[in-house]
Amino acid sequence: MKQLPLLLAAGILLTAPASAQTAAPVPKPVAKALAKVKPEDIKAHIQYLADDRLLGRKPGTPGYQMAVDYVTEQLKRFGVEPAGEDGGFTQRVRLRRATTKPGATITYQPNGGSLPLAPTELHLYPHPEQPSSRLAPTELAFAGYGISAPDQGYDDYQGLDVKGKVVVIVRGAPRSFPSTVASASQDQTLLVQTAARHGAVGVLFASARPAPAAATAARPITTTSVLGADGKVAAARGFISGSGVGMTGTLSAAGLQALLLNSASDTAKVMSSLRQGQPAPVALRGTLGASWESGYQDFESYNVVGKITGSDATLRQEFVVHSAHLDHLGVGAPVKGDSIYNGAHDNASGVASVLEIARLYSNLKQKPKRSVLLVLQTGEELGLLGSAYFAARPTVPKTALVADVNTDMPTIIAPLLSVVPLGAAHSTLAQPVAEAARYLNLTVEEDPEPDQNRFIRSDQYSFVAQGIPALHIKYGNRTPDGKNNLSEQVQKWRALTYHKPQDDINGTFDFEAGKKYVQLNFLIGYLVAQNPQRPTWNPGDFFGRRFAQPQ
């Protein structure tokens, strides 16, 4: 683990504007409110939300509705105002579960190549808007990682004509990319968006390595998306309504090799180039055609949205968001005799943190200058769907959202001595993180597990994709015994607990660490809400160039 230099940990971004570097002392009323956070209150929230009665809080189920009712009542109790739709606390999220029906027809003509492509090597994703879909025989092209990032000195599409074609890509990113940039570059929606921008009509996500036989067996593929009022897809992972990309699917390693060999290349050759940071485009020989049908199951779920009105007559029109996802996996395959996936850590603990931030504000007579939104989102486990819908269609003016502080599975299993502010280094949010961490005597570190791609795997990324600076606080590596190997402990715990029924209230918890998370996240949001300058992306930042919205 590489720790940030001490000077950097204290100030994080020395290049931040001078106006953002003036450290404001924590007012006495705020310090007094922070001291009132109680570990037992955090435990009580988790205990309720992870109870077997809620049956794992799966969206669209009575158990999820119980969670909605609980957090709504808690927000009311703390004096939070409703900020959802129609004067209430909720925002309706219309979900569609789509499944590819059996009987899809896939035809591949090698056009001079000698190797066939077996239909079992290709699996089509359902089309969430068209029950019956067809792809006329279409040429293909291999576009490496499918990344077009000239600002990073890399472009898989340079010199490759994909207009009207199906693009074949493998998931990955050049090793030269910073970890958060590499993570974002592999986001499925961004990959489809990039292919569409270059004129592609389909995208196949190929595997470079053979999968076990059980994983390659014919199976229906299911996706979930959010529908807008017009019946079109408003949010999804890997589907963009109206983009021109109407076919997406997966391609096996054997299928990829067949396509490449038919075009005088092979998987080893292209992967060698990609691993060295060199694009390896191939105009593939042959055409691909397909016809398939999709079945739908539509249901409703809800985001919960509350508001704490700011004290400044002008800045109260802007909002700092504290978010956490309310859903989990429901009831599933039994593990050690238990089939209820309670989600105590993931993410009842994060919801508890947001609720205790609400309690903190109830104990604070003088509110910050900006207003604060408390958003508990649905559908994170389905692909960040609730947050994607809220960030794109918030219940307040979109341009009024200035920042998101997200909490997802803070992993409160050991004392919190250091933190990793995922995403903060890309914007001026780094400064309030530094100030808050310093006040709470926490060290700021780099991500000890960059290969986990955590920056794009939780709800803060939905806000980033809408141009809103965002961060997600995770544990650092410091431990009381000086071994500084917390990430190793977490990996062992996660192997036994993550996305399993064993993530319940009877597991390992350090509620004092939960208290520290509440204090830290609150203070970060409070400092942002107090600063007259709204957060901005750093000059030339990757995410600022990709997503920044005009104000």
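How many bridges join strand S3 to strand S13, and in which direction do the two strands run relative to each other? Five bridges link S3 to S13 (residues 282-308), and the pair is antiparallel. The model is predicted, and the protein chain has an average pLDDT of 92, with 94% of the residues scoring at least 70. Residues 1-23 have a pLDDT below 50, and this stretch makes 39 contacts in the model beyond near neighbours in sequence.

**Strand S3**

- Side chains alternate along S3 (residues 105-109): Ile106 and Tyr108 point to one face and are buried.

**Helix packing**

- Two packed helices are described by the angle between their axes and the distance between the axes.
- The axes of H3 (residues 39-49) and H10 (residues 344-362) come within 8 Å and cross at roughly 135°; the two helices are therefore oblique to each other.
- The H3 and H10 crossing is right-handed.
- On the H3 side the residues that meet H10 are Asp41, Ile42, His45, Ile46 and Leu49; their counterparts in H10 include Ala348, Val351, Ala352, Leu355 and Arg359.
- H12 (residues 430-439) and H15 (residues 511-530) pack at about 135°, with axes 9 Å apart, which makes H12 oblique to H15.
- H12 contributes Pro432, Val433, Glu435, Ala436, Ala437 and Tyr439 to the contact, and H15 contributes Leu520, Leu523, Ile524, Leu527 and Val528.
- The crossing of H12 and H15 is right-handed.

**Helix H11**

- Six of the eight residues of H11 (residues 385-392) are buried, so the helix is largely enclosed by the rest of the structure.
- Those buried residues are Leu385, Gly386, Ser387, Tyr389, Phe390 and Ala391.

**Backbone geometry**

- Most residues other than glycine have a negative phi, and most peptide bonds are trans.
- The peptide bond from aspartate 346 to asparagine 347 is cis, with omega near 10°; asparagine 347 is in H10.
- Aspartate 86 has a positive phi, near 55°, and sits in the loop between strand S1 (81-82) and strand S2 (90-100).
- The relative accessible area of aspartate 86 is 84%, so this residue is exposed.
- Alanine 264 also has a positive phi, near 60°, and lies in the loop between helix H8 (253-261) and helix H9 (267-275).
- Alanine 264 is exposed, with a relative accessible area of 67%.

Definitions and conventions: Residues numbered from 1 in each chain as written. Predicted model: local features only at pLDDT ≥ 70, side-chain atom pairs only at ≥ 80, totals over all residues. Heavy atoms only, no water. Buried < 20%, exposed > 50% of the residue type's maximum accessible area, 1.4 Å probe, protein only. Helix = DSSP H or I, 4+ residues; strand = E, 2+ residues; numbered from the N terminus. Pairing = 2+ DSSP bridges. pLDDT = per-residue confidence, 0-100. Contact = heavy atoms within 4.5 Å. Axes fitted to C-alpha atoms, helices over the stretch in contact; angles between N-to-C directions. Parallel < 35°, antiparallel > 145°, perpendicular 65-115°, else oblique. Left-handed = near helix turned anticlockwise from the far one by under 90°.
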